[in-house]
Amino acid sequence: MHYDVIVNAEIRQDVFKPGNDTVAEKLLSTMFGSSTKVISEGTLSSGKNGRITLKFNSTNNRENEISFSKSEPNLISFRRGETTFQDPVTVFLEEGKRHRCISRSEKGERVEFTTKTELLENRLLKSGKMSINYSIEVCGVRVEHTSIKLSVVHDKSKE
């Protein structure tokens with residue numbers, strides 16, 4: 001299965017900066033932008049292994065990729081390119097769970113952070129919708145909260 005789609009995304013980030021700015025806070029506040037509404041062309045595809053992948057561009061032509069297995073739709077990976085980090089950043093999100101994520105800064109330094117997902121409603125295959133609320137923690141301190149609402153419709157103009 002491979003579909004051209006139109007993605008409508010509402011992304012809101014609240015960055016928490018307690019006290020002085022640390023290097024980690026600066027990296028995270030740059031990595032994720034502020035409130036954004038995106039309408040973008042994208043693709044929704046299914047691989048032979050049952051992996052579903054949604055790709056779309058957001059502001060500044062930044063590529064986003066959400067991926068999950070049909071057998072585990074409540075565990076997703078969310079990959080964002082063109083961040084402060086050297087490589088694209090992938091976070092793992094699963095409702096009620098924490099996941100440790102590791103990336104590298106522009107200087108090649110290892111940066112470790114944790115995601116904590118409060119809400120993950122993945123109805124992408126049933127109704128074309130997905131809602132996610134998650135926090136980023138550094139050393140156990142919440143530095144950001146992100147809320148994403150996605151809707152996807154088949155792009156009939158590409159037929």
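Predicted model: local features only at pLDDT ≥ 70, side-chain atom pairs only at ≥ 80, totals over all residues.

Colleague: What makes up the chain in terms of helices and strands?

Modeller: The chain holds 2 helices and 10 strands. Read from the N terminus, their order is β-α-β-β-β-β-β-β-β-α-β-β. Of its 159 residues, 43% count as buried, and the exposed surface comes to about 8900 Å², with 45% supplied by carbon and sulfur atoms.

Colleague: How are the strands arranged in the sheet, and what is their order?

Modeller: The 10 strands form an open sheet with antiparallel pairing, in the order β6-β5-β4-β3-β2-β1-β10-β9-β8-β7. The edge strands are β6 (89-94) and β7 (98-104). From one strand to the next, the twist averages 30 degrees.

Colleague: Why are β6 and β7 called edge strands?

Modeller: Each of β6 and β7 pairs on one side only.

Colleague: Why is Thr-53 called buried?

Modeller: The relative accessibility of Thr-53 is 14%. The term buried applies under 20%, so Thr-53 counts as buried. Thr-53 lies in strand β3 (residues 51-57).

Colleague: Which residues is Thr-53 in contact with, leaving aside its neighbours within four places in sequence?

Modeller: Thr-53 is in contact with Thr-43, Leu-44, Ser-45, Glu-65, Ile-66 and Ser-67. A contact here means heavy atoms within 4.5 Å.

Colleague: Why is Leu-125 called partly exposed, rather than buried or exposed?

Modeller: The relative accessible area of Leu-125 is 45%. Buried would require a value under 20%, and exposed a value over 50%; Leu-125 therefore falls in between and is partly exposed. Leu-125 belongs to helix α2 (residues 124-127).

Colleague: What makes the nonpolar surface patch that includes Leu-125?

Modeller: Met-1, Tyr-3 and Leu-125 make this patch, which covers about 280 Å². A patch residue needs over 30% relative accessible area, and Leu-125, at 45%, therefore passes that cut-off.

Note on methods. Residues numbered from 1 in each chain as written. Heavy atoms only, no water. Helix = DSSP H or I, 4+ residues; strand = E, 2+ residues; numbered from the N terminus. Buried < 20%, exposed > 50% of the residue type's maximum accessible area, 1.4 Å probe, protein only. Patch = residues over 30% accessible without salt bridge, like charges linked within 9 Å, V, L, I, M, F, W, Y side chains within 5 Å. Areas by Shrake-Rupley, 256 points an atom, 1.4 Å probe, with all protein chains shown as cover. Salt bridge = Lys/Arg side-chain N within 4 Å of Asp/Glu carboxyl O. Pairing = 2+ DSSP bridges. Axes fitted to C-alpha atoms, helices over the stretch in contact; angles between N-to-C directions.
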